[in-house]
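Here is a short briefing to read with the structure open beside you. Take it a topic at a time, and find each element on screen as you go.

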Amino acid sequence: MWENDIENKNYKAVMVWGIDDGDSVAFIKPLTEWYGKAVSLYLHKSRDMQVQVSAVAKKQNGEITIGNDAVEKREYATHFMRSPESWERISSTGVTYREHMSDYIRGMSEAILQNSSNRCGVMRHVMLQDDNGVAHWQKDEVLLVVSRPSSITWKGKKMRRQYAELISEATGISNVIVTEESRVAVFILLGIYNLREEINLQGGALVLDFGSYTADATYLLPEKGSVNICWELGDVQVECAMLKYIMQSDRWKKILADAAKIHGRERVLVGNDCSHAIFQLRERKKAYFDGTLGERWHYMELPVTDKDGIPIIDECGDLGLLGIGVQVTSEMMQYALDGYEFDVRKDGHVVNHGTWKENCRQFLDDVRQTLEWKELSVQTVIVTGSGSRMPCTVEMSVKAFPESLFLPVHRYTEW
């Protein structure tokens, strides 16, 4: 797909990174006749991991850690993807979101370069080693395509340019293209050998990408262009609903009341930054739908403040955290999918209010009606993204396009 847009014939490969607030994946496709298949890249310096959670930590000496290795540290950041207009805001770790994003991209680049399995493959044609044995990209010989959220806050050439400049600065790669997550998903899926034979683009292909923060639909039909639809409907809303379910429990209310007495406060409230708790619930949600969760209880901590929003500091001078044992149950998940209601936006405007399932159905209705209005047929539907891990997402998609061939592909599987 990208080869048609490449004017510089000196490129030896196109590399595609799908960076989501939940997970990240990367692929490389050589621009040679002898080897045209897209290949998954490993995103860990020493282990062959094709999917990496989007988390980052940095030591005082500047060493960057990403993924599960970062999560093992106390000071780590997750859910840090922001549009350029919000880059200078300070996160709970005391640094800007721009720095988190730059660190994560740099860490992802270093992990790919240092992994020995990557270096034995086609990647060797677009990398080099300096006199100290440190690997670098041949900055002018690789085209890097990186996804961006399709929401209204990321619209505009200026924002894409700013993000591309940040990526180029962090990786050392000169040529960077920033495009929608759903278009990156199309490239990734068409680059997989066993799917390419099943997808007939001439009949019209639709990719439904249910990500952490957006639901994106990309329709492709040769010679008729493409259609892109984005709703700010991410499966992070399911995790927020899980957290809401916990916070409404009598056990949690008692924990808050006991903490208020201990700290001599009128009331103790949950702090605004619950990203670490949301991240933990994301992992529990994955295991729930994978069938690997079991009936175990898990310990989770939440930041707390007084009634005026001032953080409570413990006796050691650290930010106060309250812990609670959590068990993910079918009742919790039913509340998260069928009980918790929220607004969902498209192009910056609220287009629906309802539960996650209700909003998802409305999104699919919007996609179907748009394609019908444009008189575009759909032969193949591909369902991907972190939200596709939930069976109800695929089931609703099948109902919306009952005449189409369905190819569900989970972001968590090894592509």
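How many of the 18 residues of α2 are buried? The count is 13 of the 18, so helix α2 is largely enclosed by the rest of the structure. Please keep in mind that this is a predicted model.

**The protein as a whole**

- The secondary structure comes to twelve helices and 21 strands.
- The protein has 415 residues, and 53% of them count as buried.
- Among contacts with a separation of 6 or more, 63% are between residues 24 or more positions apart.

- Strands β6, β5 and β7 form an open sheet of three strands, in the order β6-β5-β7 and with antiparallel pairing.
- β6 (64-66) and β7 (77-78) stand at the edges with a single partner strand each, so one side of each has no neighbour in the sheet.
- Two bridges join β5 (residues 55-58) to β7, and these strands run antiparallel; A55 has T78 of β7 as its bridge partner.
- Helix α2 (residues 97-114) packs on this sheet and touches β5, β6 and β7. The direction of α2 makes about 80° with that of β6.
- The length of α2 can be checked too: at 1.5 Å a residue its 18 residues should span 26 Å, and its end C-alpha atoms are 26 Å apart, which agrees.

- β2 (residues 23-30) is mostly covered, with eight of its eight residues buried.
- D23, V25, F27 and K29 point one way from β2, while S24, A26, I28 and P30 point the other way; all are buried.
- F27 has S40 of β3 as its bridge partner.

- Is β12 (residues 205-210) largely enclosed or largely open? Six of its six residues are buried, so β12 is largely enclosed by the rest of the structure.
- A205, V207 and D209 point one way from β12, and L206, L208 and F210 point the other way; all are buried.
- β12 pairs with β13 (residues 215-220) in the antiparallel sense over six bridges. A hairpin of four residues joins the two strands, and A205 has L220 of β13 as its bridge partner.
- With β20 (residues 380-384), β12 pairs in the parallel sense over five bridges. L208 stands opposite V383 in this pairing.
- L376 lies in the loop between α11 (356-373) and β20. With 16% relative accessibility, L376 counts as buried, because the cut-off for buried is under 20%.
- L376 and A205 are 171 residues apart along the chain, and their C-alpha atoms are separated by 10.0 Å.

**Helices α7 and α9**

- Two packed helices are described by the angle between their axes and the distance between the axes.
- For α7 (residues 236-247) and α9 (residues 275-290), the angle is about 105° and the axes are 9 Å apart.
- The two helices α7 and α9 are therefore roughly perpendicular to each other, since angles of 65 to 115 degrees count as such.
- On the α7 side the contact is made by V236, V238, E239, C240, M242, L243 and I246. On the α9 side I278, L281, R282 and K285 take part.

Methods
Residues are numbered from 1 along each chain as its sequence is written. This is a predicted model: local features need pLDDT of at least 70, side-chain atom pairs count only at pLDDT 80 or more; totals for chains, interfaces and linings use all residues. Side-chain values use heavy atoms; hydrogens and water are left out. Buried means under 20% relative accessible area, exposed over 50%, partly exposed in between (1.4 Å probe, protein chains only). Two strands pair if DSSP finds at least two bridges between them. Contact means heavy atoms within 4.5 Å. Axes are lines fitted to C-alpha atoms, for helices over the stretch in contact, and angles run from 0 to 180 degrees between N-to-C directions. The expected span of a helix is 1.5 Å times one less than its number of residues. Angles under 35 degrees count as roughly parallel, over 145 as roughly antiparallel, 65 to 115 as roughly perpendicular and the rest as oblique.
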